[in-house]
Amino acid sequence: MRVDKWLWAARFFKTRSLASDAVSGGKVKVNGATIKPAREIKVGDRLDIANSETRWEVTVKALSDKRGPAPEARLLYEETPESISTRETAREGRLFVQDPAADIHGRPTKRDRRQMDRYGR
């Protein structure tokens with residue numbers, strides 16, 4: 001089974017083309033080696049997956065070329081305990097950090113500009 005198709009079926013990526021692009025870009029490694037999207041995987045392979053801010057280390061438990069519900073997709077792999085703890089600490093770290101630009105939504109309006117001038121003096 002192709003690795004990009006499995007990643008899509010296991011719901012790591014929303015589309016198969018996103019999975020293929022991630023594999024081509026080096027974001028997915030099988031047993032520690034960078035691969036191509038057409039690489040065949042088998043049960044027992046270890047995958048390191050980086051999807052934006054999230055990283056997973058999983059072991060392939062089953063193969064499926066059909067994308068099903070999330071509970072069934074979770075049965076296709078087993079995540080390592082180290083990966084789970086790393087993801088949890090990263091998630092908790094993101095909870096307490098506020099993005100400085102979160103309140104900025106484009107250019108200020110006339111009203112916003114007047115308020116900034118008023119407070120600036």
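Colleague: What makes the approach of the Asp48 side chain to the side chain of Arg46 a polar contact?

Modeller: The two side chains make their contact at 2.9 Å. A polar contact is a pair of N or O atoms within 3.5 Å, and within protein one must be able to donate a hydrogen and the other to accept it; residues adjacent in sequence count only if both atoms are side-chain atoms. This is a predicted model, in which local features need pLDDT of at least 70 and side-chain atom pairs count only at pLDDT 80 or more, while totals for chains, interfaces and linings use all residues. Residues are numbered from 1 along each chain as its sequence is written, and side-chain values use heavy atoms, leaving out hydrogens and water.

Colleague: How many aromatic pairs does a search of the whole structure find?

Modeller: The search finds four. Rings of Phe, Tyr and Trp (its six-membered ring) pair if their centres lie within 6.5 Å; planes under 30 degrees apart count as stacked, over 60 as edge-to-face and the rest as tilted.

Colleague: Why is the pair of Trp6 and Tyr77 called edge-to-face?

Modeller: The ring centres are 6.4 Å apart and the planes stand at 75°, so the pair is edge-to-face.

Colleague: Why is Trp6 called buried?

Modeller: Trp6 has a relative accessible area of 0%, and buried means under 20% (exposed is over 50%, partly exposed in between; 1.4 Å probe, protein chains only). Tyr77, at 16%, is therefore buried as well.

Colleague: What makes the aromatic pair of Phe12 and Tyr77 tilted?

Modeller: Their planes are 45° apart, with 4.8 Å centre to centre, and the pair is tilted. Ring pairs link Trp6, Phe12, Trp56 and Tyr77 into a cluster.
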